[in-house]
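Please keep the viewer open as you read the points below.

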Amino acid sequence: MHESRQGRGDVSASADSRQPDGAGDTVPGAAATESVSFGRRVLDVLGAYLALTKPRVIELLLVAAIPALLQADRGNVHLSLTLLTLVGGWMGAAGANTYNMVVDYDIDQVMKRTEKRPLARHAVTRRAAFIFATTLTICSMLWLGLLAKSWLAAGFILATVLFYVLVYTMILKRRTWQNVVWGGAAGCMPVLVSWAVIADHLPEGQDANWWQAIVLFLIIFFWTPPHTWALSMRYKEDYKAAGVPMLPVVKTPIEVTRQILIYTWVTVLVTFLLIPAAGWIYAVGAVGFGAWFLIMAHRLHAGVKRGVEVKPLALFILSNNYLAAVFVALSVDAVLGLQTISGYLS
(Lines give C-alpha, C1' and ligand atoms only; values in the text may rest on other atoms or scores of the structure.)
Protein backbone atom coordinates (compact mmCIF):
# COMPACT_ATOMS: atom_id res chain seq x y z
CA MET A 1 0.00 0.00 0.00
CA HIS A 2 2.79 2.38 0.85
CA GLU A 3 4.58 1.74 -2.43
CA SER A 4 1.33 2.13 -4.38
CA ARG A 5 0.65 5.54 -2.86
CA GLN A 6 4.22 6.59 -3.47
CA GLY A 7 3.93 5.47 -7.06
CA ARG A 8 0.83 7.44 -7.62
CA GLY A 9 2.54 10.48 -6.08
CA ASP A 10 5.42 10.10 -8.53
CA VAL A 11 3.05 9.89 -11.47
CA SER A 12 1.19 12.97 -10.25
CA ALA A 13 4.40 14.88 -9.81
CA SER A 14 5.51 13.82 -13.28
CA ALA A 15 2.19 14.91 -14.73
CA ASP A 16 2.48 18.27 -13.03
CA SER A 17 5.95 18.74 -14.44
CA ARG A 18 4.60 18.23 -17.95
CA GLN A 19 1.98 21.02 -17.59
CA PRO A 20 2.68 23.98 -19.84
CA ASP A 21 3.83 27.29 -18.34
CA GLY A 22 0.92 29.28 -17.07
CA ALA A 23 -1.10 26.18 -16.01
CA GLY A 24 -2.25 25.68 -12.44
CA ASP A 25 -3.78 27.94 -9.86
CA THR A 26 -0.78 29.99 -8.73
CA VAL A 27 1.11 30.65 -11.96
CA PRO A 28 -1.51 32.91 -13.63
CA GLY A 29 -1.63 35.06 -10.51
CA ALA A 30 2.13 35.39 -10.50
CA ALA A 31 2.15 36.27 -14.19
CA ALA A 32 -0.55 38.87 -13.65
CA THR A 33 1.41 40.34 -10.76
CA GLU A 34 4.54 40.52 -12.89
CA SER A 35 2.54 42.15 -15.69
CA VAL A 36 1.09 44.76 -13.34
CA SER A 37 4.53 45.36 -11.83
CA PHE A 38 6.07 45.80 -15.28
CA GLY A 39 3.29 48.17 -16.34
CA ARG A 40 3.74 50.17 -13.17
CA ARG A 41 7.48 50.44 -13.77
CA VAL A 42 6.86 51.69 -17.30
CA LEU A 43 4.42 54.31 -16.02
CA ASP A 44 6.89 55.36 -13.32
CA VAL A 45 9.64 55.84 -15.90
CA LEU A 46 7.36 57.80 -18.24
CA GLY A 47 6.19 59.90 -15.29
CA ALA A 48 9.80 60.60 -14.32
CA TYR A 49 10.68 61.79 -17.83
CA LEU A 50 7.56 63.96 -17.90
CA ALA A 51 8.53 65.44 -14.53
CA LEU A 52 11.95 66.37 -15.96
CA THR A 53 10.19 68.81 -18.30
CA LYS A 54 8.53 70.70 -15.40
CA PRO A 55 4.98 70.56 -16.86
CA ARG A 56 3.57 73.28 -14.59
CA VAL A 57 6.28 75.71 -15.67
CA ILE A 58 5.61 74.90 -19.32
CA GLU A 59 1.91 75.60 -18.85
CA LEU A 60 2.77 79.14 -17.88
CA LEU A 61 5.12 79.52 -20.85
CA LEU A 62 2.41 78.38 -23.23
CA VAL A 63 0.00 80.86 -21.66
CA ALA A 64 2.53 83.54 -22.60
CA ALA A 65 2.93 82.21 -26.13
CA ILE A 66 -0.76 82.19 -27.09
CA PRO A 67 -1.49 85.94 -26.87
CA ALA A 68 1.60 86.66 -28.97
CA LEU A 69 0.37 84.25 -31.63
CA LEU A 70 -2.98 86.05 -31.71
CA GLN A 71 -1.88 89.66 -31.26
CA ALA A 72 0.75 89.41 -34.02
CA ASP A 73 -2.06 89.28 -36.58
CA ARG A 74 -5.15 90.64 -34.84
CA GLY A 75 -8.47 89.28 -36.01
CA ASN A 76 -6.92 86.24 -37.70
CA VAL A 77 -6.42 82.88 -36.02
CA HIS A 78 -3.73 80.79 -37.72
CA LEU A 79 -4.79 77.49 -36.17
CA SER A 80 -2.20 75.23 -37.79
CA LEU A 81 0.65 77.63 -37.04
CA THR A 82 -0.60 78.00 -33.48
CA LEU A 83 -0.58 74.25 -32.89
CA LEU A 84 2.81 73.82 -34.54
CA THR A 85 4.28 76.65 -32.47
CA LEU A 86 2.88 75.34 -29.20
CA VAL A 87 4.22 71.83 -29.82
CA GLY A 88 7.62 73.14 -30.93
CA GLY A 89 7.74 75.57 -28.04
CA TRP A 90 6.79 72.82 -25.60
CA MET A 91 9.69 70.66 -26.76
CA GLY A 92 12.13 73.56 -26.48
CA ALA A 93 10.98 74.50 -22.98
CA ALA A 94 10.99 70.85 -21.93
CA GLY A 95 14.57 70.50 -23.15
CA ALA A 96 15.69 73.61 -21.26
CA ASN A 97 13.97 72.49 -18.05
CA THR A 98 15.54 69.04 -18.29
CA TYR A 99 19.01 70.54 -18.77
CA ASN A 100 18.27 72.67 -15.70
CA MET A 101 17.65 69.57 -13.61
CA VAL A 102 20.84 67.94 -14.90
CA VAL A 103 22.89 70.95 -13.78
CA ASP A 104 20.99 71.42 -10.49
CA TYR A 105 21.29 67.75 -9.58
CA ASP A 106 23.32 68.51 -6.45
CA ILE A 107 21.19 71.27 -4.94
CA ASP A 108 17.90 69.52 -5.81
CA GLN A 109 18.91 66.75 -3.39
CA VAL A 110 19.38 69.26 -0.58
CA MET A 111 16.19 71.29 -0.97
CA LYS A 112 12.97 69.82 0.41
CA ARG A 113 10.99 71.50 -2.38
CA THR A 114 12.96 69.63 -5.04
CA GLU A 115 14.14 66.44 -3.34
CA LYS A 116 11.51 64.37 -5.14
CA ARG A 117 12.55 65.45 -8.63
CA PRO A 118 13.50 62.50 -10.89
CA LEU A 119 17.27 63.00 -10.78
CA ALA A 120 17.33 63.82 -7.08
CA ARG A 121 15.60 60.52 -6.25
CA HIS A 122 17.59 58.63 -8.92
CA ALA A 123 14.55 57.68 -11.00
CA VAL A 124 16.49 58.72 -14.13
CA THR A 125 20.26 58.91 -14.65
CA ARG A 126 21.90 62.23 -15.45
CA ARG A 127 23.23 60.82 -18.71
CA ALA A 128 19.77 59.70 -19.80
CA ALA A 129 18.33 63.08 -18.84
CA PHE A 130 21.04 64.89 -20.81
CA ILE A 131 20.30 62.80 -23.91
CA PHE A 132 16.58 63.43 -23.44
CA ALA A 133 17.13 67.20 -23.16
CA THR A 134 19.36 67.28 -26.23
CA THR A 135 16.86 65.29 -28.27
CA LEU A 136 14.01 67.59 -27.28
CA THR A 137 16.01 70.71 -28.13
CA ILE A 138 17.04 69.45 -31.56
CA CYS A 139 13.51 68.25 -32.33
CA SER A 140 12.10 71.61 -31.26
CA MET A 141 14.37 73.53 -33.63
CA LEU A 142 13.70 71.20 -36.56
CA TRP A 143 9.98 71.28 -35.83
CA LEU A 144 9.80 75.06 -35.89
CA GLY A 145 12.17 75.44 -38.82
CA LEU A 146 10.80 72.72 -41.09
CA LEU A 147 7.13 72.44 -40.12
CA ALA A 148 6.32 75.94 -38.83
CA LYS A 149 8.72 77.29 -41.48
CA SER A 150 10.34 79.82 -39.19
CA TRP A 151 14.07 79.41 -38.68
CA LEU A 152 14.00 82.68 -36.77
CA ALA A 153 11.75 81.01 -34.20
CA ALA A 154 14.11 78.02 -34.16
CA GLY A 155 17.00 80.40 -33.49
CA PHE A 156 15.09 81.96 -30.60
CA ILE A 157 14.56 78.49 -29.13
CA LEU A 158 18.28 77.74 -29.27
CA ALA A 159 19.09 81.11 -27.70
CA THR A 160 16.57 80.41 -24.94
CA VAL A 161 18.04 77.03 -24.06
CA LEU A 162 21.63 78.29 -24.10
CA PHE A 163 20.82 81.36 -22.00
CA TYR A 164 18.73 79.43 -19.47
CA VAL A 165 21.28 76.70 -18.98
CA LEU A 166 24.64 78.43 -19.43
CA VAL A 167 23.89 81.92 -18.13
CA TYR A 168 21.11 81.48 -15.56
CA THR A 169 21.54 77.95 -14.20
CA MET A 170 25.33 77.62 -14.35
CA ILE A 171 26.40 81.20 -13.58
CA LEU A 172 23.78 83.56 -12.17
CA LYS A 173 21.74 81.24 -9.99
CA ARG A 174 24.58 80.35 -7.64
CA ARG A 175 26.41 83.68 -7.62
CA THR A 176 24.01 86.63 -7.27
CA TRP A 177 20.64 87.55 -5.86
CA GLN A 178 19.86 89.15 -9.21
CA ASN A 179 19.75 85.67 -10.76
CA VAL A 180 16.01 85.79 -11.47
CA VAL A 181 16.14 89.40 -12.64
CA TRP A 182 18.41 88.66 -15.59
CA GLY A 183 17.86 84.93 -15.81
CA GLY A 184 14.15 85.56 -16.16
CA ALA A 185 14.81 86.70 -19.73
CA ALA A 186 14.71 83.04 -20.75
CA GLY A 187 11.11 82.80 -19.63
CA CYS A 188 10.20 85.76 -21.82
CA MET A 189 11.36 84.13 -25.04
CA PRO A 190 8.14 82.23 -25.89
CA VAL A 191 6.54 85.50 -26.99
CA LEU A 192 9.41 86.14 -29.42
CA VAL A 193 9.20 82.58 -30.74
CA SER A 194 5.46 82.94 -31.32
CA TRP A 195 5.78 86.39 -32.86
CA ALA A 196 8.51 85.16 -35.21
CA VAL A 197 6.33 82.32 -36.53
CA ILE A 198 3.43 84.63 -37.36
CA ALA A 199 5.69 87.40 -38.69
CA ASP A 200 7.28 84.93 -41.11
CA HIS A 201 3.84 84.18 -42.56
CA LEU A 202 2.39 87.68 -42.83
CA PRO A 203 1.57 88.99 -46.31
CA GLU A 204 4.42 90.90 -47.91
CA GLY A 205 4.39 94.51 -46.88
CA GLN A 206 2.41 93.98 -43.65
CA ASP A 207 4.18 95.45 -40.64
CA ALA A 208 5.12 92.80 -38.06
CA ASN A 209 4.97 95.40 -35.23
CA TRP A 210 7.88 93.89 -33.34
CA TRP A 211 7.63 96.62 -30.71
CA GLN A 212 4.54 94.85 -29.37
CA ALA A 213 6.49 91.62 -28.99
CA ILE A 214 9.12 93.54 -27.05
CA VAL A 215 6.44 94.94 -24.72
CA LEU A 216 5.12 91.41 -24.10
CA PHE A 217 8.70 90.32 -23.44
CA LEU A 218 9.13 93.13 -20.89
CA ILE A 219 5.86 92.31 -19.15
CA ILE A 220 7.12 88.81 -18.35
CA PHE A 221 10.64 90.11 -17.64
CA PHE A 222 9.48 92.49 -14.89
CA TRP A 223 6.79 90.09 -13.62
CA THR A 224 9.29 87.27 -13.01
CA PRO A 225 11.16 88.75 -9.98
CA PRO A 226 8.12 89.43 -7.74
CA HIS A 227 6.64 86.09 -8.79
CA THR A 228 9.83 84.18 -7.92
CA TRP A 229 10.77 86.17 -4.82
CA ALA A 230 7.35 85.56 -3.29
CA LEU A 231 7.94 81.82 -3.68
CA SER A 232 11.53 82.01 -2.39
CA MET A 233 10.32 83.86 0.73
CA ARG A 234 8.33 80.73 1.52
CA TYR A 235 11.31 78.44 0.86
CA LYS A 236 14.06 80.70 2.19
CA GLU A 237 15.64 78.00 4.39
CA ASP A 238 15.72 75.58 1.46
CA TYR A 239 17.68 78.01 -0.68
CA LYS A 240 19.99 78.85 2.21
CA ALA A 241 20.76 75.17 2.82
CA ALA A 242 21.53 74.72 -0.89
CA GLY A 243 23.78 77.79 -0.99
CA VAL A 244 21.62 79.59 -3.55
CA PRO A 245 21.72 83.38 -2.89
CA MET A 246 18.09 84.16 -3.62
CA LEU A 247 17.02 87.64 -2.54
CA PRO A 248 15.23 86.48 0.68
CA VAL A 249 18.42 84.67 1.71
CA VAL A 250 20.73 87.69 1.44
CA LYS A 251 18.37 90.60 2.20
CA THR A 252 15.98 91.47 5.01
CA PRO A 253 12.26 90.65 4.56
CA ILE A 254 11.38 94.34 4.29
CA GLU A 255 13.94 94.84 1.51
CA VAL A 256 12.58 91.78 -0.29
CA THR A 257 9.00 93.03 -0.22
CA ARG A 258 10.17 96.51 -1.23
CA GLN A 259 11.80 95.01 -4.32
CA ILE A 260 8.66 92.97 -4.98
CA LEU A 261 6.60 96.15 -4.80
CA ILE A 262 8.88 98.03 -7.20
CA TYR A 263 8.85 95.28 -9.80
CA THR A 264 5.10 94.83 -9.45
CA TRP A 265 4.54 98.51 -10.21
CA VAL A 266 6.85 98.34 -13.21
CA THR A 267 5.08 95.22 -14.49
CA VAL A 268 1.65 96.82 -14.33
CA LEU A 269 2.84 100.04 -15.94
CA VAL A 270 4.50 98.12 -18.80
CA THR A 271 1.19 96.34 -19.53
CA PHE A 272 -0.28 99.80 -20.18
CA LEU A 273 2.16 100.33 -23.06
CA LEU A 274 0.25 97.78 -25.10
CA ILE A 275 -3.15 99.43 -24.60
CA PRO A 276 -2.94 101.62 -27.75
CA ALA A 277 -2.41 98.51 -29.89
CA ALA A 278 -5.31 96.61 -28.29
CA GLY A 279 -9.03 97.11 -27.67
CA TRP A 280 -11.14 97.88 -24.64
CA ILE A 281 -11.16 94.31 -23.29
CA TYR A 282 -7.39 94.30 -22.83
CA ALA A 283 -7.44 97.89 -21.51
CA VAL A 284 -9.97 97.02 -18.81
CA GLY A 285 -8.11 93.81 -17.97
CA ALA A 286 -4.70 95.48 -17.73
CA VAL A 287 -6.06 98.17 -15.39
CA GLY A 288 -8.34 95.96 -13.30
CA PHE A 289 -6.05 92.98 -12.85
CA GLY A 290 -3.10 95.33 -12.38
CA ALA A 291 -4.86 97.05 -9.47
CA TRP A 292 -5.53 93.63 -7.94
CA PHE A 293 -1.85 92.64 -8.22
CA LEU A 294 -0.69 95.95 -6.74
CA ILE A 295 -3.08 95.78 -3.80
CA MET A 296 -1.82 92.32 -2.83
CA ALA A 297 1.83 93.36 -3.19
CA HIS A 298 1.23 96.41 -0.99
CA ARG A 299 -0.49 94.25 1.60
CA LEU A 300 2.48 91.91 1.75
CA HIS A 301 4.92 94.80 2.15
CA ALA A 302 2.74 96.47 4.80
CA GLY A 303 2.48 93.23 6.76
CA VAL A 304 6.25 92.79 6.81
CA LYS A 305 6.71 96.42 7.91
CA ARG A 306 4.29 95.89 10.80
CA GLY A 307 6.07 92.68 11.79
CA VAL A 308 2.97 90.49 11.49
CA GLU A 309 2.86 87.03 9.96
CA VAL A 310 2.51 87.16 6.17
CA LYS A 311 1.73 84.60 3.50
CA PRO A 312 4.04 85.26 0.54
CA LEU A 313 2.83 82.10 -1.18
CA ALA A 314 -0.54 83.81 -1.64
CA LEU A 315 1.14 86.52 -3.73
CA PHE A 316 3.00 83.84 -5.71
CA ILE A 317 -0.29 82.15 -6.61
CA LEU A 318 -1.90 85.50 -7.35
CA SER A 319 0.97 86.46 -9.66
CA ASN A 320 0.25 83.36 -11.76
CA ASN A 321 -3.42 84.24 -11.94
CA TYR A 322 -2.61 87.86 -12.76
CA LEU A 323 -0.41 87.06 -15.74
CA ALA A 324 -2.88 84.48 -17.03
CA ALA A 325 -5.78 86.92 -16.69
CA VAL A 326 -4.01 89.76 -18.49
CA PHE A 327 -2.94 87.47 -21.32
CA VAL A 328 -6.40 85.92 -21.63
CA ALA A 329 -7.84 89.43 -21.94
CA LEU A 330 -5.34 90.21 -24.69
CA SER A 331 -6.07 86.92 -26.45
CA VAL A 332 -9.83 87.48 -26.49
CA ASP A 333 -9.30 91.06 -27.60
CA ALA A 334 -7.06 89.93 -30.47
CA VAL A 335 -9.32 87.08 -31.62
CA LEU A 336 -12.30 89.42 -31.79
CA GLY A 337 -10.18 91.91 -33.70
CA LEU A 338 -11.65 94.81 -31.78
CA GLN A 339 -10.94 98.37 -32.81
CA THR A 340 -7.70 99.40 -31.10
CA ILE A 341 -7.58 102.27 -28.64
CA SER A 342 -5.25 104.18 -30.94
CA GLY A 343 -7.82 103.65 -33.71
CA TYR A 344 -10.52 105.27 -31.56
CA LEU A 345 -8.29 108.24 -30.88
CA SER A 346 -7.15 108.81 -34.45
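Are H6 and H7 roughly parallel or roughly antiparallel to each other?

1. First, the background. This is a predicted model, in which local features need pLDDT of at least 70 and side-chain atom pairs count only at pLDDT 80 or more, while totals for chains, interfaces and linings use all residues. Residues are numbered from 1 along each chain as its sequence is written, and side-chain values use heavy atoms, with hydrogens and water left out. The chain has 16 helices and zero strands (DSSP runs numbered from the N terminus: H or I of at least four residues for helices, E of at least two for strands).

2. Now to the pair in the question. The axes of H6 and H7 lie 7 Å apart, at an angle of about 160 degrees (axes are lines fitted to C-alpha atoms over the stretch in contact, and angles run from 0 to 180 degrees between N-to-C directions). H6 and H7 are therefore roughly antiparallel; that label applies over 145 degrees, and roughly parallel applies under 35. On the H6 side, the residues that meet H7 include Thr 137, Ser 140 and Leu 144, and their partners in H7 include Trp 151, Ile 157 and Val 161. By class, this contact has 10 nonpolar, three polar and no charged residues.

3. Have a look at Thr 137, which is found in helix H6 (residues 126-147). Its relative accessibility is 6%, so Thr 137 counts as buried (under 20% relative accessible area, with a 1.4 Å probe and protein chains only). Leaving aside neighbours within four places in sequence, Thr 137 is in contact with Gly 95, Tyr 99 and Val 161 (contact means heavy atoms within 4.5 Å). Across the chain, buried residues make up 46% of the 346 residues.

4. H7 has another partner to visit. Helix H4 (residues 79-103) packs on helix H7 (residues 151-172) at an angle of about 20 degrees, with axes 10 Å apart. That makes H4 roughly parallel to H7. Among the residues making this contact are Gly 89, Gly 92 and Tyr 99 of H4, and Ile 157, Val 161 and Tyr 164 of H7.

5. Finally, helix H14 (residues 280-306). Its 27 residues should span 39 Å at 1.5 Å a residue, and its end C-alpha atoms are 39 Å apart, which agrees (the expected span is 1.5 Å times one less than the number of residues). Gly 307 follows H14, with a positive phi near 80 degrees.

Key: Angles under 35 degrees count as roughly parallel, over 145 as roughly antiparallel, 65 to 115 as roughly perpendicular and the rest as oblique. Buried means under 20% relative accessible area, exposed over 50%, partly exposed in between (1.4 Å probe, protein chains only). Ala, Val, Leu, Ile, Met, Phe, Trp, Tyr, Cys and Pro count as nonpolar, Asp, Glu, Lys and Arg as charged, and the others, Gly among them, as polar.
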